[in-house]
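Open your viewer and get ready to select a few residues at a time. We will go from one stop to the next together.

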Amino acid sequence: MNGTIQAPTIEYALLAPMLVVFGAAIVGVLVEAFAPRYLRSAIHLPLTLLSLAGAFALTVWQALKGVPTKPAAMGAVAVDGPALFIWGTILVLAFVSVMLINDEGHFVAAAAAVPGSAEEEQALYSGAAHTEIYPLVLFAVGGMLLFPASNDLLVAFVALEVMSLPLYLLCGLARRRRLLSQEAAVKYFLLGAFSSAFFLYGTALLYGYAGSIDLARINAALGTVGGQDTLLYLGAGMLGVGLLFKIGAAPFQAWKPDVYQGSPTPITALMASGTLVAAFGALLRVFWVGLGGLDWDWSPVLWGVAILTMVVGAVLAITQTDIKRMLAYSSIAHGGFLLVGVVATGTAAQNTSALSGILFYLVAYGVTTVGAFAVVTMVRDAGGEAWHLSRWAGLGKRSPLLAAVFAFFLLAFAGIPLTSGFFGKYAVFQAAVSGGATPLVIVGVVASAVAAFFYVRIIVLMFFSDPAADGPSVVLPSRGTAAVVGFAALATVVLGVYPEPVLHLAHSAAQSLFVR
Amino acid sequence: MPWLSTLMGVSVLGALGVTLVRNDKLAKQFTLVVSLIVLALTVGMAVQFSPNGDKFQFVETYDWIPSFGVHYGVAVDGIALVLILLSVILVPIVVLASWHDAEAGKRSVRTYFSLILVLEAMMIGVFAATDVFLFYVFFEAMLIPMYFMIGSYGGAQRSYAAVKFLLYSLFGGLLMLVAVIALYSIAGKGTFMFSDLVGTVQDVTTQKWLFLGFFVAFAIKAPLWPFHTWLPDAAAQAPAGAAVLLVGVLDKVGTYGMLRFCLELFPDAAKFFTPLVIALSVVGIVYGAIVAIGQTDMKRLIAYTSVSHFGFIALGVFAMTTDAGAGATLYMVNHGFSTGALFLIAGFLIHRRGSQFIADYGGVQKVAPVLAGTFLVAGLSSLSLPGLSTFVSEFMVLTGTYQRYMVPAIIAATGVILAAIYILWMYQRTMNGPTAESVKGLRDLNAREKFVVAPLIALLLIFGFYPKPLLDVIHPAVKDTLSSVGVSDPAPAVPVAKEGQ
């Protein structure tokens, strides 16, 4: 009678980019299991890069073929314009991050060994290496792809975990400053687990309210279900906490500086660019699609969060003495600027302009960030990377080109015209002004001015101060790192001088908004 | 021929070229040649400008970022033309004057000269932009080369001064950015072209807010009292050449912006805020002059005189009479030459003795008569001696202001007297009296330095006796601006004397 089970329809072609990445990750695990140690790196690198490039090609192909208007995989995954744009962005950022990861000397030889012990030394001499970082990265990237595309909350949760768990591990693998690295991993894991729990609890409460975890159905229930407001508000709030944590919005920003500081720098680059992009994609989808009808309620809260995030990021960055912590606070401040765009909702045209602004900002910021962290990996002294800001004094004299490129990245972060950062900021602020969030924009520009101070401070250090006698040396970059820095610098210039093509792309990606 | 783009293109290509030249001396010569080519091209453009023709000439408009409604739009009217001329005349002079400046710091000479040429392109762009967004882009971007010029090649306090300069200007610029965005949204035209935006904001309250956004940025840039505190630091720490470009040209962007954008885009708000701006200007005139008298450092003194002079310019802009407006525009040009000469000669003097302090000098006239003589002429131009071009502009501003605002004009006129005190007293302490022991061995100006000073003094003299060519160009543009603001000159209080009386 009712013995037949309807087989779900899965649009494999639409999901192909994710499937390629996840497939390559699984192959990577098999390589770890069966390939001899000396071959592993040689297999992993091409496999990882090729799968990312292939996934990118598939994403482009999908975008050219036409953007679907319905969610795929029985409504679980929405492959729409914004999702495809975000996928493309994440894949490019992941590709360049992997080129950094491939560079030698970032990762510990034996993570389980006690820092400074004989065991560790022995592992170092025997040439041990954690080659499983490549499949881990691929899993994380797969999670990043799924997270912003997930159309129901449970898939979103799974994606969140797939994205985060490998990152927790990767954080703890820094070769230098082992204790900081381990601390970062534990901190990130504990706080991340909390935030995931919040997310899951929020999902459960919303299910209780709407009877569905599908974003569109939750939105549809907003107008019809009465008398369950407590469930709704608690659920939405908890969901918000989980998402804002991943972005690093204040007051959930505390993990960011510690984790960015302790992680191996290439992993920091991946997190600062890819994770941020993915988390913003998911945040937008949950708030605009799932809770779109509730914007009168969440919008004031996000106003407050945005203001707090901008101020906290910009002000606390001033006091930092560690270059990576400084960049972490800068990333918090930029998260705040992006949140300004999230609240700029209104008519469909307004939403499109806000969404395309955010998408452009994410591209601009992500590329520049990877470039900046790539530069950080190159400035070293005896104890590894020269993390203390005072060590950067006079870098402009030692290696003018590298310092000039880094200064350029900093100016882009500060949003000086003729850099990509300016147009990103402009796009978001313009959307916010036309969306009626002018006060938020004023706070934003004041925060930008404060933020400019600490970016400029580093330029002062590099160019106007005299170099220390035993200052750090700039290593001759490997071909991969040089390519990453070159790519990031080029992108920052091109997007700053002629942003139209990417703006246009972002606009057409945002045109259809999120599918429901 | 796309004149304005060519000018900018030549400068930018020149800047790239300088970085490629391996030899420092060759790099300097190359820079000088490029700046002279730009000057020649600009003169070639200027002679084709017809003062009574279209308001904007040499128009070029291309789409730059259609998604934002941004155009690459450049063109000049009379006001922009004379300011561009000022810029391109000062650049080769500064290049020649800075011949040995960059070597003191053991920093890259090529970078310094390359930055000058980048700055030149941006100075042309900022005055020529007919797209508000493009103007903003140049307005902010030009801070960066100047920041590096001050920070890398300046005096002992250079990094403090450079950061202060950058942050003040950046902050003002960001406020302006909000106003620019809001203007775009409210106008709803989907374009940033200046001509399309004029008259789009009708609501007076909105106008007031937007006016403030623009005005604060320009007042910081100009700088108007009480936004001036960054200027003495920046000008005193900058190398002399950079100080000339900073005070002579970059700061003019502020007063130019008031005239072009604040007045034309927000006429009602401009009228509302006129009393306030006039009060600030008059306070600035007197305050700048009094503080200048008390300075012990020559470069700071000159910087404070500029605060006073910028008060005059802002006063002329906001008096909203043809005379005052034209006078203010002329003042911008003359002030560039006059303060330029003053900064450069003071720079030569400081370079010889190695001190900026007035007290370290005395009786220089006897050992270096040419230096002292040119310093005197430059100083006299700063106090607006009749016969020098600055007198014409200051007189026009004062009479133009008097037609509408009598009391402020009278108070402002005291600035003329105070100017005599700060200039002559400085001259007296450094150049007259017994020759100080430390300056006994001072050399007089060499040939290169004479080549630097001669054109400036010549220009001051020529335009002092015959300002007509400049005024012919400026007058129609100012008239046009004021008529679009909707003000007309007040009727003369005394009937004009009839012919033959």
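Throughout this tour, two residues are in contact if their C-beta atoms, placed from the backbone, lie within 7 Å. The model is predicted, so local features need pLDDT of at least 70 and side-chain atom pairs count only at pLDDT 80 or more, while totals for chains, interfaces and linings use all residues. Residues are numbered from 1 along each chain as its sequence is written, with chains lettered from A and ligands numbered from 1 in the order in which they are written.

**Stop 1: a helix pair in chain A.** Select helix 14 (residues 348–378) and helix 19 (residues 479–497) of chain A; their axes come within 8 Å and cross at roughly 145°. Helices here are DSSP runs of H or I with at least four residues, strands are runs of E with at least two, and both are numbered from the N terminus. Axes are lines fitted to C-alpha atoms, for helices over the stretch in contact, and angles run from 0 to 180 degrees between N-to-C directions. Now show the side chains: A:Ala364, A:Val367 and A:Gly371 are among the residues of helix 14 of chain A that meet helix 19 of chain A, whose own contributors include A:Thr481, A:Ala488 and A:Leu495.

Stop 2: The three strands form an open antiparallel sheet in the order 2-1-3; two strands pair if DSSP finds at least two bridges between them. At the edges are strand 2 (384–385) and strand 3 (473–474) of chain A, each pairing on one side only. Which residue is the bridge partner of A:Val379 in strand 3 of chain A? Select A:Val474 to see this partner.

**Stop 3: the nonpolar core.** Next, pick A:Val21, A:Ile90, A:Val340, B:Met142, B:Cys262 and B:Ile345, which touch the most other members of the largest nonpolar core, a set of 419 residues. Such a core joins buried Ala, Val, Leu, Ile, Met, Phe, Trp, Tyr and Cys residues through C-beta atoms within 7 Å, and buried means that 20 or more other C-beta atoms lie within 10 Å of a residue's own, these atoms being placed from the backbone. Helix 7 (residues 158–187) of chain B gives this core its largest share, 19 residues.

**Stop 4: where the chains meet.** Finally, show both chains: 25 residues of chain A are in contact with 25 residues of chain B. On the chain A side, helix 18 provides the largest share, 12 residues.

Notes:
Buried ≥ 20, exposed ≤ 12 C-beta atoms within 10 Å, placed from the backbone.
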